[in-house]
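Dear colleague,

Please find the structure below, together with its sequence. My notes on the findings follow it.

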Amino acid sequence: MTSHATGVPVGDRALWDRVSEGDEAAFAALFERHAEAVWNHAYRLTGSWSAAEDLTSSTFLTAWRRRRDVRLVRDSALPWLYTVAGNAARDEHRGAKRRLRLLKKIPDLPVVSDHADAVAARLDGEQRLREIVEAVRSLPKAQRAVVELCLLGDLSVADAAELLTVAEVTVRAHLSRARTRLRTLLEEK
């Protein structure tokens with residue numbers, strides 16, 4: 001969205017101010033501006049196209065519902081949107097684990113060969129991404145949050161530090177430890 005008077009793009013801060021008052025056009029502009037980045041972040045968190053679509057929808061629905069509570073970082077909505085997507089991904093993962101535990105209680109049905117098995121065998125890239133996602137999930141909470149924002153979300157150390165309300169040196173330390181641990185975990189696989 002651009003200013004009619006100057007032709008200069010309107011920043012996230014001005015748009016969120018309008019969104020907080022219920023301006024749907026301003027929200028649509030923010031969605032158009034950030035939807036692809038949020039989807040990419042959600043995909044990196046889940047390794048699944050459909051889950052990324054669901055998380056993107058959920059993130060923007062949450063943004064609309066909480067439009068008066070949004071906390072911008074350096075006048076950008078993207079860090080807040082990444083945080084919402086990350087929280088939603090963790091919630092979904094916990095729910096999936098609960099459903100899996102329930103499914104394990106049901107006796108197995110006979111396996112029937114399916115064309116999908118052949119297609120799935122060729123999706124090595126997605127499998128590797130899932131391994132990375134699982135490795136990230138195994139990190140301690142502080143390291144995981146920094147990895148999700150800085151490595152998977154492509155935020156700067158400064159932005160992540162501000163969002164997490166910690167010092168930049170703390171973010172760098174968590175990144176260093178997380179990279180070492182991820183490297184070890186992924187080499188084992």
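A salt bridge is taken here as a side-chain nitrogen of Lys or Arg within 4 Å of a carboxyl oxygen of Asp or Glu. By that criterion the structure holds 9 salt bridges. Please note that this is a predicted model, in which local features need pLDDT of at least 70 and side-chain atom pairs count only at pLDDT 80 or more, while totals for chains, interfaces and linings use all residues. Residues are numbered from 1 along each chain as its sequence is written, and side-chain values use heavy atoms, with hydrogens and water left out.

Arg13 pairs with Asp75, the closest N and O atoms being 2.9 Å apart. (Helices are DSSP runs of H or I with at least four residues, numbered from the N terminus.) Within helix H6 (residues 124-137), Glu134 and Arg137 are 3 residues apart, about one turn of the helix, and their side chains form a salt bridge of 2.9 Å, N to O.

The axes of H7 (residues 141-152) and H9 (residues 168-188) come within 9 Å and cross at roughly 95°; axes are lines fitted to C-alpha atoms, for helices over the stretch in contact, and angles run from 0 to 180 degrees between N-to-C directions. The two helices are therefore roughly perpendicular, a term that covers 65 to 115 degrees.

Yours sincerely

Key:
Angles under 35 degrees count as roughly parallel, over 145 as roughly antiparallel, 65 to 115 as roughly perpendicular and the rest as oblique.
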